[in-house]
Amino acid sequence: RARYLKPPTHRSGRRMPTERLRERVSRYTIRRRRRDIGGGIAFPGRDAVRVSIRMEPGQQALHERSLESLAGIPSGLVRSQALQQLASSWESLLEGRSARLLSSDVRRSLRIAGDDTHPKVLALLGRVLPRLPQGEKVLLFSRYRASQRSLLRILRQHGHQAIALVDRAARDRIVTVRRFREEPELRILICGEGAGEGLNLQFCSTLINFDLPWNPMRIEQRIGRIQRLGQARRRVSVINLVLEGTVEARVLHVLEHKLRIFKLFMGQTEQILGELLEERDQSFEAWVASTLLSNGRFDEEQLLELESQLEAAARRVAAREQDAGQIDRLLASPPEAETTTPPPSSPALDLSFLTEEGEADW
């Protein structure tokens, strides 16, 4: 690679001056990268808040009994899905393909408890929604159909005007989004993974991840529904509901602190993941499932190894960016982009109540 960074020599053997080279090359090339496109356009930022939820003794006991029943699942991917369902809602686990592996006693206990008693649902109803500003429209993402149905039922029972976007038919999706945008009384739009692509929802500025996929690009797709041109607020708000002491909490730790998923732009995240998985024929989610889970729990040594590899991949990407800067000095710089859209006018939403001591952690 280094030989391409040195100014080439003329046929006479003399080195060609950089300025002269740039002048000659600029006639035939123009260098543009993702970050150059729309560089002058005011793009909204993002703030991510982690709402840490501690389970009550009864909830913790039910969670542990469910983990024991799931420990014998041989497939890493199937086990990871079951663990994600457990962190999402009791009903999603009961409807999953791993439900038959649960003991009859555990299944009965989950049905009796119901999602009305799930710690995430209680935190959503008691700590988050009541203290958001009146009139603030909210996207509530959940991966599983059972969780989406129970959330819709429970929210309506507690007086929240909610609608669900679960139909994949394009016409139905358009009608649902139009209703949510135009009807002031509708406050919450419950979305599945199908809403993570192809929808412009920049009239909202707040997104709640009721459960988190292990694939970082899916998280970026969710945030991309509101963090886009046309957003009125200067910064969008992402609220992550996380059960402490679970596999979900450890995965989020890796995404937040090592991959910096809520601070990097999508292009950088994609580059780091590509660097990490270049020689592996599997996704990040599949890699986590196949290498880190042991008896339904994280293998701590493997977790440390994963963090080390993510850091090394990030350093390699940063080094390539530095090399690209040297290339820029040899190639013609693209013309600066002009600002074509006004900057967002509304201030960011104040979510300081979610970080009060004893309530939530960053």
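**Reading surface, helix and loop**

The accessible surface of the protein chain in this predicted model comes to about 18,600 Å². Carbon and sulfur atoms account for 48% of that surface.

Me: How much of the protein chain is buried?

Reply: Buried means under 20% relative accessible area. Here, 48% of the 362 residues in the protein chain are buried.

Me: How many helices and strands does the protein chain have?

Reply: The secondary structure comes to 13 helices and 8 strands.

Me: Which contacts in the protein chain join residues at least 24 apart in sequence, and what share are they?

Reply: Take the contacts between residues at least 6 apart in sequence. Of these, 78% join residues at least 24 apart.

Me: Now a single helix. What span does α2 reach?

Reply: Compare the span with the expected one, at 1.5 Å a residue. Helix α2 covers residues 57-70, 14 residues in total. From first C-alpha to last, α2 reaches 20 Å, close to the 20 Å expected.

Me: Which residues of α2 are buried?

Reply: Q59, L62, H63, S66, L67, S69 and L70. They sit on the same side of α2, because they cover an arc of only 160° around the axis. The face turned away from that buried side carries the exposed residues P57, G58 and E68.

Me: Where does H118 lie?

Reply: In the loop between α5 (104-113) and α6 (119-128).

Me: Is H118 buried or exposed?

Reply: Check the relative accessible area. For H118 the value is 0%, so H118 is buried.

Me: What is H118 in contact with, leaving aside neighbours within four places in sequence?

Reply: H118 is in contact with Q59, L86, A87, S88, S89, W90 and L243. Q59 is also one of the buried residues of α2.

Key: Residues numbered from 1 in each chain as written. Predicted model: local features only at pLDDT ≥ 70, side-chain atom pairs only at ≥ 80, totals over all residues. Heavy atoms only, no water. Helix = DSSP H or I, 4+ residues; strand = E, 2+ residues; numbered from the N terminus. Expected span 1.5 Å × (residues − 1). Buried < 20%, exposed > 50% of the residue type's maximum accessible area, 1.4 Å probe, protein only. Arc of directions from axis to C-beta. Contact = heavy atoms within 4.5 Å. Areas by Shrake-Rupley, 256 points an atom, 1.4 Å probe, with all protein chains shown as cover.
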